[in-house]
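Subject: Structure for you to look at

Hello,

Here is the structure we spoke about. Please open it first and keep it beside you while you read the notes below.

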Amino acid sequence: MILTHRIAMSRPMAATMAGAFMLPFGAAPLSAQTIDLSVTLPRLDVAEYHKPYVAIWLEQEGAAPRTLGIWYDVAKKGGEGAKWLRDVRQWWRAAGRSMRLPADGVSGATRGPGTHRLTLTAGRGPLPPLAPGQYVLVIEAAREVGGRELLRLPFAWPGAGGTASARAAGTTELGAVALTVRR
Amino acid sequence: MTLRAALFALGATTLLAAPAAAHRQWMMPSATVLSGDDAWVTVDAAVSNDLFYFEHQPLRAQPLAMAPDGSAGKIENWATGRYRSTFDLHLTARGTWKIMSVNDSVFGSYKLNGVETRLPRGLSPDRLAEAIPAGATDVRTSHNVSRNEIFVTAGEPTTGVFTPTGKGIELVPVTHPNDLVAGETASFRFLLDGKPAAGLPVTIIPGGNRYRDTLNQIDLKTGADGSISVRWPGPGMYWLNVTTDAEPEKAMPARRASYVTTLEVLAP
């Protein structure tokens with residue numbers, strides 16, 4: 001009873017924090033579904049290397065895109081790192097330009113070459129509770145004095161207890177990207 | 001008519017024809033889509049043949065800036081060189097800013113005691129009456145409003161700067177001019193003196209023609225509601241021109257208006 005009560009209390013708070021992005025995704029199921037995401041950033045043999053800006057967002061037809069993560073130079077003095085966010089251009093157009101950054105739970109520092117693992121739990125942080133349906137996780141990387149690459153990972157968000165997975169591999173600025181949805 | 005008067009009249013005709021010359025006026029911003037909370041743009045402004053290379057004349061009149069809420073912005077670091085002018089604008093508010101160079105003037109001539117006299121260059125329409133002396137005959141005037149405008153956006157595009165003034169040709173966004181992507185179709189509406197600018201020729205030329213043999217010009221005509229649609233063939237900067245000069249044989253129409261903007265089309 002106490003547990004149910006706590007969940008009931010937390011949902012309006014989560015909705016407030018998620019703002020307008022949440023509603024189009026439908027009613028929040030009472031499940032603790034998670035997305036395990038692994039993102040590989042390639043080691044590049046270039047004269048001038050800067051860690052890429054990386055945006056990760058979720059798209060569903062008919063709903064506003066939902067930013068799950070934006071890795072950029074958050075610590076640069078005077079917020080100057082935000083000047084280059086527009087170079088992550090599809091994300092900037094889809095979601096970034098209407099956001100206030102840095103955003104709690106979404107903004108993060110840039111990451112270097114290697115495989116980075118993230119676990120996103122529905123209803124916590126940037127990932128809203130999702131209704132079952134078709135989604136696309138999009139990841140876009142743009143590197144200072146380098147290139148840009150975008151990968152789209154379509155997947156079905158299962159009902160309670162289901163699983164789903166998707167993977168893709170970049171050729172220039174992104175390596176392998178894989179996601180698994182589990183309960 | 002003396003030879004001198006004849007030459008003078010010829011000079012007047014040449015002057016009157018000047019606005020229709022082929023040189024292209026433009027402003028080129030360092031960026032049109034900006035992020036961060038302290039965004040600046042630097043703008044080059046020139047009149048040239050090739051787009052967007054400064055090789056002929058600088059834009060000499062200092063433009064004005066309009067903030068997203070319609071208030072005046074501040075042009076900074078204005079400088080005019082041999083081939084171009086340059087200036088900065090600090091985008092101190094989020095939204096879409098307009099930078100504009102507007103010329104609203106009357107060209108013309110009159111005869112007084114048999115001598116043809118040109119109206120002073122750049123004569124403001126509200127000073128026309130006092131510029132024509134009593135007893136003048138053969139008064140010929142042409143009211144010209146030319147607009148050269150660009151748009152830059154910090155954060156999310158807004159539409160406050162598109163409120164029409166009702167003077168000359170103005171752009172009304174159907175597609176926001178700072179939200180253009182190659183392969184997509186954009187629509188804009190044009191107004192002439194606040195009313196739909198129907199049937200006007202629209203020319204769109206992609207920049208970079210110095211390094212190709214063909215202009216790759218896109219020729220369009222505004223529809224009954226003043227609108228055009230264009231599918232962007234590729235990313236880059238484009239020069240767009242709308243003009244009332246649909247009747248080239250008419251040497252001096254009573255009313256002329258033109259509109260120029262530079263549009264940035266991003267890669268998808």
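**The two domains of chain B**

Domain 1 and domain 2 of chain B bury about 690 Å² between them, and carbon and sulfur atoms give 72% of that. Buried area here is the accessible area (1.4 Å probe) that two parts lose on being put together, summed over both. On the side of domain 1 of chain B, B:Ser105, B:Thr141 and B:Met252 lose the most area to domain 2 of chain B, together 66% of what that side buries.

This is a predicted model, in which local features need pLDDT of at least 70 and side-chain atom pairs count only at pLDDT 80 or more, while totals for chains, interfaces and linings use all residues. Residues are numbered from 1 along each chain as its sequence is written, chains are lettered from A and ligands numbered from 1 in the order in which they are written, and side-chain values use heavy atoms, leaving out hydrogens and water.

Domain 1 of chain B covers 24–105 + 141–265 and domain 2 covers 106–140; the bounds come from an automatic or database domain assignment. The contact (heavy atoms within 4.5 Å) takes 7 residues from domain 1 of chain B and 11 residues from domain 2 of chain B. Between the centres of the two domains, taken over C-alpha atoms, there are 31 Å.

**Chain A against chain B**

How much area is buried between chain A and chain B? The value is about 1300 Å², of which carbon and sulfur atoms give 41%. In chain A, A:Arg86, A:Arg93 and A:Arg97 lose the most area to chain B, together 46% of what that side buries. The contact takes 15 residues from chain A and 16 residues from chain B.

There are 3 salt bridges between the chains. A:Arg93 takes part in a salt bridge with B:Asp179, at 2.7 Å from N to O.

**A sheet in chain A**

Chain A has an open sheet of 5 strands in the order β4-β3-β2-β6-β7, with mixed pairing. Strands (E, at least two residues) are DSSP runs, numbered from the N terminus, and two of them pair if DSSP finds at least two bridges between them. Strands β2 (residues 53–59) and β3 (residues 66–71) of chain A run antiparallel and are joined by 5 bridges. A:Val54 stands opposite A:Trp71 in β3(A).

Regards

Key:
Helix = DSSP H or I, 4+ residues; strand = E, 2+ residues; numbered from the N terminus. Salt bridge = Lys/Arg side-chain N within 4 Å of Asp/Glu carboxyl O.
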